Amino acid sequence: MRVSVEAVDQVFLHLKQWLLSFLVGHVPDWVVQVASSLLNIGTVLGVFLTLFALISVLERKILGRMQNRYGPNRVGPCGLFQPVADGIKMLIKEDIVPDRADKVVHFLAPILIAAAAILALGVIPYGRNMTPFVIDGGILFFFAVGSTTELAVFMAGWGSNNKFSLLGAMRAIAQMISYELPLIITVLPVVMVVGSLNPDKIVFAQKYYYFGFLPHWFVLTPWGATAFILFFVSGLVESNRTPFDVPEGESEIVAGHMTEYSGFKYATFFMAEYLGMFAVSGLAVTLFLGGWHAPLPWLRFIPSFVWFFAKLSVLLFVFIWIRGTLPRIRVDQMMNLAWKFMLPMAFTCLVSAAVWYYNGRRVAGWLWSFAIIAVVYVILSLFLDTRRKFAPRTYRFAE
Amino acid sequence: MNTAAFALIAIFTITFALAAATNPRLMHAALSFAVMYIGIAAFFFLLGAEFVGLVQVFVYVGAVAVLIVFTILLTRRDVGERHEFKWGGVAVAIAVFVGLVWAILKTTSIAVAPPVAKALTVKQVGEALMVSYVWPLLCVGVLLTAALIGALILVMEDKPS
Amino acid sequence: MTLSILLVVSAALFSIGLLAALSRRHAIFILIGIEMMLAAANINFIAFWRFVPAPALPTGVMVVIFAIAIAAAEAAVGLAMVIAVYRHFRTTDVDQLNQLKG
């Protein structure tokens with residue numbers, strides 16, 4: 001029985017090795033390595049583009065249900081072929097480029113954003129031994145690639161030769177830069193406790209179970225829960241999702257840096273936003289939710305990649321749920337949140353994780369780390385009293 | 001394979017460096033500058049220092065290039081760029097290049113092949129930073145804070161009081 | 001791939017940076033040239049670190065990490081100065097910033 005569980009878990013790996021075995025004796029070694037990398041890349045692209053298509057229709061259906069209406073339900077069974085219809089529509093639209101736009105920059109911007117999002121998907125462990133590219137500094141690679149998104153957004157805004165685009169791009173970059181700091185600093189406690197930047201090792205460190213049934217995930221520690229919430233909110237901002245979608249809010253800035261893009265290039269921006277969402281959710285699952293490990297020890301017969309995608313789906317549902325619930329935040333409120341609240345809380349998580357770790361994970365460590373976070377949170381809430389103080393209400397009647 | 005990769009990366013980097021140095025259009029030069037840094041990071045990867053390569057992409061392409069592009073936006077009068085190029089600078093640069101290449105090719109002791117080396121892990125870099133190089137690390141922290149505050153003060157406008 | 005050819009490439013990058021710094025009139029381009037020269041020096045450090053017979057100490061890597069941090073700080077302050085000068089003189093042409101000339 002154990003052998004078949006292992007075989008199901010590693011089925012994709014065995015499939016890839018069987019496909020490569022056709023090449024092994026006949027071609028030089030580096031061709032086999034290139035072929036192996038190409039198979040990895042092809043699989044990641046195939047899986048995530050399908051997931052993108054699925055999520056784009058599921059999001060509309062879930063938002064529809066939250067708003068007490070049906071989502072798209074005409075095309076295909078329960079509307080699940082809607083992405084095909086959307087894709088055909090996007091492909092046959094005319095590709096309009098403004099006359100005085102900078103052609104090269106205007107063309108390259110959506111490609112660069114999509115490339116950055118896809119590159120970031122390459123270091124996340126999707127299952128046991130199923131990381132596409134094992135890099136020693138995997139988390140640093142993820143953030144390095146994510147930070148090139150800002151340049152691409154700027155290229156989109158400037159290359160359109162449009163004041164709205166430029167303004168939208170500046171606001172988008174300001175938002176992304178401000179929230180990159182909490183994003184990275186909330187990852188630091190996990191890296192510090194595990195002692196490595198390798199996502200495989202981080203997942204490996206979460207494989208134990210307390211008392212035989214509680215999983216050793218970092219989200220179940222005081223600093224881990226806070227860091228997870230902060231990381232999740234920063235991930236919301238980095239992917240320009242509501243409530244932080246000031247860069248693409250239609251009532252504010254037309255479509256921000258994407259104003260002058262039509263047809264397939266707009267679809268590429270859309271795809272890059274969703275792929276960024278997947279990448280951030282995947283990293284959150286890896287760092288805080290135990291990666292591909294099962295939550296209870298007797299559920300380990302379910303394959304590892306099923307657990308990973310189940311957790312990823314839960315996080316994506318929370319993304320969509322938040323979109324359907326919260327209104328858009330103003331730009332200055334967003335900046336205040338980033339610099340005055342999230343940054344100090346992120347540093348507190350770091351200190352709290354250090355206290356937890358160096359107390360040898362005894363009860364005293366847990367209580368002290370929880371106390372540090374609670375005290376700093378209360379102090380910040382008292383200091384950052386951002387409610388407007390209203391004057392007493394006066395009434396004026398027509399004379 | 002190694003030599004082919006090296007030649008490719010060298011040509012890529014030098015092409016974009018030339019584009020950044022000589023393109024009369026400001027924005028294109030700034031963007032070529034950012035792409036050149038990706039080429040330099042590829043050099044670092046080839047030489048086995050992956051951590052430095054990733055830090056290079058992170059700091060330069062993600063931050064310094066965006067800074068330069070923002071500054072270009074904030075300091076332009078209109079879109080008309082003047083193509084003024086001082087040819088004296090070209091002569092000096094070529095002279096410096098010829099001199100350096102002559103010095104390099106004259107030193108025969110460095111025409112060696114790379115020795116086999118173990119990869120440098122992030123753990124080793126971290127240990128070195130925290131054990132042997134902790135004083136420079138703290139000084140660089142103070143320097144970055146001072147630079148941050150200094151840049152803010154330079155750019156802050158006087159509030160009309 | 002010998003050490004000499006690597007040093008030649010970084011010398012080429014250095015002279016291109018020198019070209020940008022010397023023959024351009026826009027202040028930001030001069031900063032770009034300076035950053036290019038710093039990057040060429042970083043490549044030199046890593047090249048020499050790699051070609052040492054037993055590269056056990058990560059000295060070259062350490063120097064480059066600090067050099068990148070310092071170059072970023074210097075770029076930030078330099079660009080802030082360019083903005084401040086632009087606000088005062090309304091020009092970024094360094095040939096026109098000659099008011100201290102006697």
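Predicted model: local features only at pLDDT ≥ 70, side-chain atom pairs only at ≥ 80, totals over all residues.
Residues are numbered from 1 along each chain as its sequence is written, and chains are lettered from A and ligands numbered from 1 in the order in which they are written. For the complex, the predictor gives an ipTM of 0.87 and a pTM of 0.89. In terms of pLDDT (the predictor's confidence in each residue, from 0 to 100), chain B has a mean of 85, with 89% of its residues at 70 or more, and chain C has a mean of 87, with 95% of its residues at 70 or more. Within chain B, confidence is lowest in helix α5 (residues 122-131), where the mean is 86, and highest in helix α6 (residues 134-155), where it is 92.

The secondary structure of chain A comprises 14 helices and two strands, these being DSSP runs numbered from the N terminus (H or I over at least four residues for helices, E over at least two for strands). The radius of gyration is taken over C-alpha atoms and is set against a globule rule of 2.2 Å times the number of residues to the power 0.38. For the 399 residues of chain A, a compact globule would have a radius of gyration near 21 Å, and the value of 23 Å for chain A agrees with this. Along the principal axes, the C-alpha atoms of chain A fill a box of roughly 90 × 60 × 40 Å. Chain C, by contrast, contains three helices and zero strands, in the order α-α-α from the N terminus. Its radius of gyration is 17 Å, well over the 13 Å that the globule rule gives for 102 residues, so chain C is more spread out than a compact globule. The corresponding box for the C-alpha atoms of chain C is roughly 55 × 25 × 20 Å. In chain B, the domain assignment (bounds from an automatic or database assignment) gives domain 1 (2-86) and domain 2 (121-161), and the centres of these two domains, taken over C-alpha atoms, are separated by 23 Å.

Contacts were defined between residues whose C-beta atoms, placed from the backbone, lie within 7 Å. Of the two pairs of chains in contact, chains B and C share the most contacts, and no contact joins chain A and chain C, whose closest C-alpha atoms lie 14 Å apart. In the pairing of chains B and C, 55 residues of chain C are in contact with 66 residues of chain B. Helices α1 (3-23), α2 (27-51) and α3 (59-89) of chain C each supply at least two residues of the side that touches chain B, and α3(C) gives the most, with 20 residues. Residue classes were assigned with Ala, Val, Leu, Ile, Met, Phe, Trp, Tyr, Cys and Pro as nonpolar, Asp, Glu, Lys and Arg as charged, and the others, Gly among them, as polar. On this basis, the side of chain C that touches chain B divides into 45 nonpolar, seven polar and three charged residues.

Two helix pairs in chain A were examined, with axes fitted as lines to C-alpha atoms over the stretch in contact and angles running from 0 to 180 degrees between N-to-C directions. The axes of helix α3 (residues 29-66) and helix α4 (residues 82-92) of chain A come within 9 Å and cross at roughly 105°. Helices α3(A) and α4(A) are therefore roughly perpendicular to each other, where angles of 65 to 115 degrees count as roughly perpendicular, under 35 as roughly parallel, over 145 as roughly antiparallel and the rest as oblique. In this contact, A:Ala53, A:Ser56 and A:Val57 of α3(A) meet A:Gln82, A:Pro83 and A:Asp86 of α4(A), giving three nonpolar, two polar and one charged residues.
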